[in-house]
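Keep the sequence and the 3D view open side by side. We will walk through the fold one region at a time.

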Amino acid sequence: MADIVPFKAVRPKRSKVHLVSSRPYYTYEKSHLKAKLETNPYSFLHVINPEFKKNHGTKPNSIERFNLVKDQYEKFKVNNLFVQDEKLSFYVYKQTTPSGEFTGIIAGASVLDYSDGLIKKHENTILKRENLFKKYLDVCHFHAEPVLLSYAFNDEIANIISSKKVERPEYEFTTTDNKNHELWIIDEPIIIDKLVEAFKKVDKIYIADGHHRASSSKLYFEGHQDKQSSKYFLSLLVDTKNVHIFEFNRLIKNIFPHNKDTLFKALNENFVLSKGELNEVSPSNKGEIGMYFNKKWYLLTIKKELLKNLSFKQKLNSQLVSDFILKSILNIPDLRKDKRVEFISGIDTNQNTFSKIDKLENGMLLKLFPHTMDEIIQIADLEETMPPKSTWIEPKIRSGVTIYEY
């Protein structure tokens, strides 16, 4: 029985939402971030970066910085850029992108469901990041970026979403990343009750994206159990058929302790290597890995005899990369800490990526095969975890569209 609840979102006015909403600040390159801040005074990025154009600065992720974030958020409210809904509501959100169309429900998800394992994870979290976001919540008291949750298709929920989408949306706007966003408000008590009851029939929910936000919400709840709002965290719930998973590729800055000859010798122990090609090579199944090295492409195919003794988790494409290349050959045992590794989503792997590698001495790109939602579900049900940054999952909702206050 999933405990999914409506809430009174703090939202931008309809006329300003296209200006206020932003991608998460960490997805912007510094030059792009600066340009956004200079040209758009309404952007939610000003809340997250409250010291832009100021002569003084606070320490990143400090209490002082978070207090400034909170102050800037309150200024947006005072200036009527944000208003809070008067009624408890669910929100139907639809995003249309070049890779597909995604629709879900924005709501509050239960911290207790997360603690009890009804909301399941497939990635490990880092305690330092958990505590950091918990500290942010202690000071700022709002969530602006939903956790992406996924559940098995449910007819009742789908029918409610479909019937709402025939109405005029509250928001409809297009952003410069070529995505169209629409949002409908469900504030009718009868429909709200139907949705609450429909979600009670859902017995498993999977975190698709936002593991640290979910775990930090649990920490926040443990320190604020007297507040009813702390029992829930901002979420976008999308059925499992309505998510799109891209691979998360690994850029390796150098092949230390190897040179080219010893690297290929080590790879040949566990993989069958194709000859180097000038054209891009992509894996066609989870037993294959593409490798870009010295301006040439290679296809690495795990040897069949190795697969016989591997568990389901060990056969995952990202796990093969971690176990048989990063750990055993390149001496990279912990992806969360090693600065030699960068993660680049499949949709962001482009000519700029290859140009960057070409400038490195013995740099390489490992191109992974995308995971499936079934793999995520099976790993979560086994209470196992994937290597960090194994999946890039869409939809990615923008920050500042619906804000959950504590």
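This is a predicted model: local features need pLDDT of at least 70, side-chain atom pairs count only at pLDDT 80 or more; totals for chains, interfaces and linings use all residues.

Residues are numbered from 1 along each chain as its sequence is written, and side-chain values use heavy atoms, with hydrogens and water left out.

Start inside. The largest nonpolar core holds 81 residues. Such a core is a set of buried Ala, Val, Leu, Ile, Met, Phe, Trp, Tyr and Cys residues joined through side-chain atoms within 4.5 Å. Buried means under 20% relative accessible area, exposed means over 50%, and partly exposed is in between, with a 1.4 Å probe and protein chains only. Phe142, Ile205 and Phe233 have the most contacts inside this core. Its largest share, six residues, comes from strand β12 (residues 232-239). Strands (E, at least two residues) and helices (H or I, at least four) are DSSP runs, numbered from the N terminus.

Now select Ile205. Which residues does Ile205 touch, not counting those up to four places away in sequence? They are Ala2, Ile4, Leu118, Ile119, Lys120, Leu149, Ser150, Tyr151 and Leu237. Contact here means heavy atoms within 4.5 Å.

Next, look at how helices pack. Helix α4 (residues 63-78) meets helix α6 (residues 127-140) at an angle of about 50°, with axes 9 Å apart. Axes are lines fitted to C-alpha atoms, for helices over the stretch in contact, and angles run from 0 to 180 degrees between N-to-C directions. α4 and α6 are therefore oblique to each other. Angles under 35 degrees count as roughly parallel, over 145 as roughly antiparallel, 65 to 115 as roughly perpendicular and the rest as oblique. The crossing of α4 and α6 is right-handed. From α4, the contact uses Ile63, Phe66, Asn67, Val69 and Lys70. From α6, it uses Leu132, Lys135, Tyr136, Val139 and Cys140. These residues divide into seven nonpolar, one polar and two charged. Here Ala, Val, Leu, Ile, Met, Phe, Trp, Tyr, Cys and Pro count as nonpolar, Asp, Glu, Lys and Arg as charged, and the others, Gly among them, as polar.

Now turn to a second pair. Helix α7 (residues 155-165) and helix α8 (residues 189-200) pack at about 150°, with their axes 9 Å apart. That makes α7 roughly antiparallel to α8. Their crossing is left-handed. A left-handed crossing has the near helix turned anticlockwise from the far one by less than a right angle, and a right-handed one has it turned clockwise. Glu156, Ile157 and Ile160 of α7 face Ile191, Lys194, Leu195, Ala198 and Phe199 of α8 in the contact. Six of these contact residues are nonpolar, none polar and two charged.

Is His224 buried or exposed? At 19% relative accessibility, His224 counts as buried. His224 sits in the loop between α9 (211-223) and β12. Beyond its neighbours within four places in sequence, His224 contacts Asp138 and Ser230. Ser282 lies in the loop between β14 (271-273) and β15 (288-293). At 41% relative accessibility, Ser282 counts as partly exposed. Leaving aside neighbours within four places in sequence, Ser282 is in contact with Leu299 and Lys367.

Finish with the backbone. Most residues other than glycine have a negative phi, and most peptide bonds are trans. The peptide bond from Phe256 to Pro257 is cis, with omega near 10°. Pro257 lies in the loop between β13 (244-252) and α10 (260-270). The bond from Glu394 to Pro395 is also cis, with omega near 15°. His141 is not a glycine, yet its phi is positive, near 60°. His141 lies in the loop between α6 and β7 (142-143). Lys389 has a positive phi of about 55°, and is found in the loop between α14 (373-381) and β19.
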